[in-house]
Amino acid sequence: MTDRGATSGGSPVVHGYPHLDTVRAAVTALYRRMSDDGIRRYDTSVAPADVAFADHDDLHLGVQRVARALVQQLHLPDARMIVSFREMEHAASVELTAGPEYFIELNDRFRRHRRDIGAALAHEITHVLLHRLGLSFPGTRDNEILTDTVTTYLGAGWLLLDAFREDRDSSQKLGYLTPEEFGYVLAKRAIVFNEDPAIWFTSPQGYTAYTKGKAQAVRDEQQPPLTTAGWSGRHRYAKDRRYALDHPGEAGDAGRPYAFETLADGLRVSFPCPTCHQRIRVPVRGRVRARCQLCHTVLDCDT
């Protein structure tokens, strides 16, 4: 059984990017497991109307309708979700079996907070997808971060960010990622599929977190040796390149996203692909075009 936590009722919500390395590793792992062509099948996010849940809707019929929409979104056509409610510590849990039936339990509080049922189901149904793919990370924390990341990258996780609400007296956040990390993954997806998820948010706090995460995602696209890097980044890169040429074999600044290595045929630089985060290695010889072998993104570089 796989559980997932939630914060609510005034518990402090962690902000920022404490899990960013694991999030990026999760994106890389997803591309390695599904391939770029496989991920491209998820080019449309689940529509707000398909997962909307009004207070006057029949509880059990509504849950089954939303679950079916998320099963379709995650391309699990032969998976049947049987959903029930009970008092529990976590937001939800799913029984991972061989299928095709999977049993999901939701915290009893979702009987009263129906607008967030889609968010809770999205995470649990992604657990089923990952189970079928045989994709997991060691340890509960990292595996839950993987699940949140995949949920968002495959078009259902904007619901988790929209479930984030915070004011002076109370707060609620579903999932293990911070709000800004959810925004970061959502923005990475938006760049790949040319989406605008900003129009889907009903939570002002969720929208703000998305804009902050988007700014972080854009910074990934502007790191040297990419030609989109700003002046300060290019200046720093040129300085580091001179040092690498003058001190072959010495390690540079470990805090840089790029690294130089001296080979028999000259200097090379490695850097993370801004799309899938797999490292790319290219020769240092000025303007070059690099193609990521994992996600097939073509990058213009000034090495």
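Predicted model: local features only at pLDDT ≥ 70, side-chain atom pairs only at ≥ 80, totals over all residues.
Visitor: What makes H7 a mostly covered helix?

Guide: A residue is called buried when its relative accessible area is under 20%, and 14 of the 15 residues of H7 are buried.

Visitor: Why are H1 and H5 called oblique to each other?

Guide: Two packed helices are described by the angle between their axes and the distance between the axes. Helix H1 (residues 20-40) and helix H5 (residues 140-153) pack at an angle of about 50°, with 9 Å between their axes. Angles under 35 degrees count as roughly parallel and those from 65 to 115 as roughly perpendicular, and H1 and H5 are therefore oblique. Their crossing is right-handed.

Visitor: Which residues make the contact, and how many of them are nonpolar, polar and charged?

Guide: On the side of H1 the contact is made by Thr22, Val23, Ala26, Val27, Leu30, Tyr31 and Ile39, while H5 brings Arg141, Asp142, Ile145, Leu146, Thr149, Val150 and Tyr153. The residues of this contact divide into ten nonpolar, two polar and two charged.

Visitor: Why does Ser35 count as partly exposed?

Guide: Partly exposed lies between the cut-offs of 20% for buried and 50% for exposed, and Ser35, at 33% relative accessibility, therefore counts as partly exposed. Ser35 is found in helix H1, and its phi, near 75°, is a positive value in a residue other than glycine.

Visitor: Where is His75, and why does it count as partly exposed?

Guide: His75 is placed in the loop between helix H3 (59-73) and strand S3 (80-86).

Visitor: What kind of peptide bond joins Pro224 and Pro225?

Guide: The bond that joins Pro224 and Pro225 is cis, with an omega of about 10°, and Pro225 is found in the loop between helix H8 (204-220) and helix H9 (231-246). Most peptide bonds are trans.

Key. Residues numbered from 1 in each chain as written. Heavy atoms only, no water. Buried < 20%, exposed > 50% of the residue type's maximum accessible area, 1.4 Å probe, protein only. Helix = DSSP H or I, 4+ residues; strand = E, 2+ residues; numbered from the N terminus. Axes fitted to C-alpha atoms, helices over the stretch in contact; angles between N-to-C directions. Parallel < 35°, antiparallel > 145°, perpendicular 65-115°, else oblique. Left-handed = near helix turned anticlockwise from the far one by under 90°. Contact = heavy atoms within 4.5 Å. Nonpolar A, V, L, I, M, F, W, Y, C, P; charged D, E, K, R; others polar.
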